[in-house]
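Here is a short report on one protein model. Look at the structure first, then read on.

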Amino acid sequence: MNNLSRQFSIAPMMEWTDRHCRFFHRLLTRRALIYTEMITTGAVLHGDRARLLAYDAAEHPVALQLGGCDPRQLAQCARIAEEFGYDEVNLNIGCPSERVQEGRFGACLMAEPALVGDCVAAMTAAVKLPVTVKCRIGIDDQDPEEALEALTCAVERAGVAALIVHARKAWLEGLSPRENRDIPPLDYARVHRLKAAHPGLCVVLNGGITDVDQVPAHLPPLDGVMMGRAAYQEPWRLLAVDPVLFDETARFASAKAAAEALIPYIERELARGTRLHAVTRHVLGLFRGVPGARAFRRHLATEAIKPTAGAAAFRAALAFIADIDARTVVAA
Ligand SMILES: Cc1cc2nc3c(=O)[nH]c(=O)nc-3n(C[C@H](O)[C@H](O)[C@H](O)COP(=O)(O)O)c2cc1C
């Protein structure tokens, strides 16, 4: 059950990687492993589960990221993820937000490797799905050599299928979640040392990867690279994933063709009562270096946000975009 390719994945990002975003990203790459936003165990167990966990079959392979620290509840949620047909369940040990700290989960669990081990053990015992963990190299004044090693040993013993490491510390006090994604310095060497010390563990690097071309430099020795902000803010980069990393043609020859392929999805969603903007907000960065990109964004920013906006507004925005070859877009 652990034969998913983790060579390239798109990071879990709250408010960003919702199901519309994931469907759109899947049009740009067949091969990326895609993550949901973090969903807390409380929300899965007591919230509107059908809505929170809904996804489109086209999104596969797709991983559900959970936030929590109670082994029993996490095991229950992993079972639910399996019932919903997710391909992987991931535990968040990297989020430093205050809300998450109050719940005693996310990055603060870097200080409790034994508890994280119990969580992962409970999850792996509950499901056949691969259970993975996404963590930092340490928090606050922890020594990343010791902290990451302790966490790794605990989750490896518990049967983790992969460890995704955001290669910087999180400071739980004094830095906002946003600052915690930029200010603590990246330490890729620490992640490479981790892999050298745990050659049998699937290790995925995350943090600061801005281009698909940077990925092969890490593979091997590492097993994969996860891209976050660059994938979201400049989704055209994802068109390079299948050709550059998997030696396959891209799903669409151009970003414009991929956007056109989104129209039937938009029409389906509008018919279900989804607002146009809920889908098109994820597409704003699709064109760069393409004539008409600014007019495209401007049109969406003014027209697609109207409550009654229909697919015609998206088509009209697309009409500003010149037809251009995918290779040209990727090289822009
Ligand atoms: C808007 C936003 C929301 C995020 N939400 C999550 C989350 O829900 N779970 C998580 O593990 N990381 C979350 N992250 C962190 C990313 O997954 C990733 O670790 C981080 O952005 C570093 O990778 P990058 O430099 O490629 O963006 C979020 C990042 C952003 C920008």
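Helices here are DSSP runs of at least four residues, strands are runs of at least two, and both are numbered from the N terminus. With that rule, Pro 61 falls in the loop between helix H3 (49–52) and strand S3 (62–67). The model is predicted.

**Backbone**

Most residues other than glycine have a negative phi, and most peptide bonds are trans. The table lists exceptions.

| Site | Feature | Value |
|---|---|---|
| His 60 to Pro 61 | cis peptide bond | omega about -5° |
| Leu 219 to Pro 220 | cis peptide bond | omega near -25° |
| Arg 104 | positive phi | phi near 65° |
| Asp 140 | positive phi | phi near 45° |

Pro 220 sits in the loop between strand S7 (203–206) and strand S8 (224–227). Arg 104 is in the loop between helix H5 (98–102) and helix H6 (113–126). Its relative accessible area is 43%, so Arg 104 is partly exposed. Asp 140 belongs to the loop between strand S5 (131–136) and H7. Asp 140 is partly exposed too, at 24%.

**Helix packing**

Helix H7 (residues 144–157) packs against helix H8 (residues 188–197) at about 45°. Their axes are 11 Å apart. The two helices are therefore oblique to each other. The crossing is right-handed. On the H7 side, Pro 144, Glu 145, Leu 148, Glu 149 and Thr 152 make the contact; they meet Arg 190, Arg 193 and Leu 194 of H8. These contact residues comprise three nonpolar, one polar and four charged.

**Cysteines**

How many disulfides are there? The count is zero. For Cys 69, the nearest cysteine sulfur is that of Cys 119, 6.4 Å away. Cys 69 is buried, with a relative accessible area of 18%. The sulfur of Cys 95 is 9.4 Å from its closest partner, in Cys 108, which is too far for a bond.

Definitions and conventions
Residues are numbered from 1 along each chain as its sequence is written. This is a predicted model: local features need pLDDT of at least 70, side-chain atom pairs count only at pLDDT 80 or more; totals for chains, interfaces and linings use all residues. Side-chain values use heavy atoms; hydrogens and water are left out. Axes are lines fitted to C-alpha atoms, for helices over the stretch in contact, and angles run from 0 to 180 degrees between N-to-C directions. Angles under 35 degrees count as roughly parallel, over 145 as roughly antiparallel, 65 to 115 as roughly perpendicular and the rest as oblique. A crossing is left-handed if the near helix is turned anticlockwise from the far one by less than a right angle, and right-handed if clockwise. Contact means heavy atoms within 4.5 Å. Ala, Val, Leu, Ile, Met, Phe, Trp, Tyr, Cys and Pro count as nonpolar, Asp, Glu, Lys and Arg as charged, and the others, Gly among them, as polar. A disulfide is a pair of cysteine sulfur atoms within 2.5 Å. Buried means under 20% relative accessible area, exposed over 50%, partly exposed in between (1.4 Å probe, protein chains only).
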